[in-house]
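Here is a short report on one chain.

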Amino acid sequence: MLAIDLRGKRAFVAGVADDGGFGFAIAKALAEAGAKVSVGTWPPALGICTTMLERGKLDKSLELSSGDKLAFEKIYPLDADFDTEADIPAELRQSKRYRDLPDPSIQGVAERLRADFGEGGVDIVVHSLANGPEVKKPMLETSRKGYLAAIGVSAYSYISMVQRLAPLMPRGGAFLALTYMASERVIPGYGGGMSSAKAALESDTRTLSYEAGRRWGVRVNTISAGPYASRAASAIGFIHDMIAYCSANAPLTDELEAHEVGSTAAFLCSPLASAITGTTVYVDKGYHAMGMAVASVASPTERAAK
Ligand SMILES: NC(=O)c1ccc[n+]([C@@H]2O[C@H](COP(=O)([O-])OP(=O)(O)OC[C@H]3O[C@@H](n4cnc5c(N)ncnc54)[C@H](O)[C@@H]3O)[C@@H](O)[C@H]2O)c1
């Protein structure tokens, strides 16, 4: 039997703060395949996340098919806006949600992973986070500050993670990030430079795959997911319209489920995908392949049938 077997592997999934997004679904799929999983959680969301876990609010979602409950090995505070502790403005570092935390920069998390699991102790790193403070603004109204913030958190952070975490990984380790097709096609309303951030993320995936492949023997990929009503996506404001549009126009008309992204991620991070790197894999019910909307006009097949 050919199965995804991640027993003996350890994963770090950055961008998990509840059970409603792709990060959680990926963490769960990796655990289903046998990996030990730690997560990185944005400090402003950390308190709510740990309270939900402590109060058992996520228990149902954490249930694995074996009947066991997924328990994260570690939950690391992570603010992917910052590469080192020195980059965090003093006012933010001393604010209520940050002051009692260990260094939440990407470097800080890398050091804790090294201390907790040692050299070669992390096999899989997933980047499932994005933030665009001006995402609701059209590009024509986006400020330089908002644009650079979107690119910094949503794209550069992947480069920073590969720089800092690949040295901790054994050869054959895998990086994976989440992107969206607004990188290559116009999605009206997906603003604030987020489309540019996703374009950068996909381009960087190719370059990183070459550089990190040659230097450390690790793989670097992205999944381009279809629309899904996570907390982050719901903040954009019209996610349900995006989902309905995809259902009406994609080759496969049922709505995308997060576990479908999770299982593709588990495959891509497994030794079964040992020759796949530098690639963006679409997990979007085939929507990316379409060149014409079918909802508004009859398709040639439908026209012929009339
Ligand atoms: N939901 C969709 O329709 C969709 C489609 C394609 C791609 N994606 C991508 O999937 C990834 C995960 O998003 P999701 O939709 O599952 O939503 P989500 O809300 O589950 O995940 C986004 C996470 O990013 C975290 N985050 C925000 N700023 C951060 C920072 N500075 N440092 C660390 N973490 C930070 C949030 O706390 C949250 O946990 C993102 O890259 C997103 O762009 C989402």
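## Contacts along the chain

Among contacts between residues at least 6 apart in sequence, what percentage join residues at least 24 apart? The figure is 77%. This comes from a predicted model.

## Overall fold

The chain holds 11 helices and 7 strands. Its radius of gyration is 19 Å, close to the 19 Å that the globule rule gives for 306 residues, so the chain is as compact as a globular protein of that length.

The C-alpha trace spans about 65 × 55 × 45 Å along its principal axes. Of the 306 residues, 45% are buried.

## Helix 6 against helix 7

Two packed helices are described by the angle between their axes and the distance between the axes. Helix 6 covers residues 144-165, and helix 7 covers residues 194-216. They pack at an angle of about 15 degrees. Their axes lie 9 Å apart.

Angles under 35 degrees count as roughly parallel, and helix 6 and helix 7 are therefore roughly parallel to each other. Helix 6 passes helix 7 in a right-handed crossing.

## The contact residues

Helix 6 contributes Tyr147, Ala150, Ile151, Ser154, Ala155, Tyr158, Ile159 and Val162 to the contact. From helix 7 come Met194, Ser196, Ala197, Ala200, Leu201, Asp204, Leu208 and Ala212.

How do the residues of this contact divide into nonpolar, polar and charged? There are 13 nonpolar, 2 polar and 1 charged.

Note on methods: Residues are numbered from 1 along each chain as its sequence is written. This is a predicted model: local features need pLDDT of at least 70, side-chain atom pairs count only at pLDDT 80 or more; totals for chains, interfaces and linings use all residues. Axes are lines fitted to C-alpha atoms, for helices over the stretch in contact, and angles run from 0 to 180 degrees between N-to-C directions. Helices (H or I, at least four residues) and strands (E, at least two) are DSSP runs, numbered from the N terminus. Angles under 35 degrees count as roughly parallel, over 145 as roughly antiparallel, 65 to 115 as roughly perpendicular and the rest as oblique. A crossing is left-handed if the near helix is turned anticlockwise from the far one by less than a right angle, and right-handed if clockwise. Two residues are in contact if their C-beta atoms, placed from the backbone, lie within 7 Å. Ala, Val, Leu, Ile, Met, Phe, Trp, Tyr, Cys and Pro count as nonpolar, Asp, Glu, Lys and Arg as charged, and the others, Gly among them, as polar. The radius of gyration is taken over C-alpha atoms; the globule rule is 2.2 Å times the number of residues to the power 0.38. A residue is buried if 20 or more other C-beta atoms lie within 10 Å of its own, exposed if 12 or fewer, and partly exposed in between; C-beta atoms are placed from the backbone.
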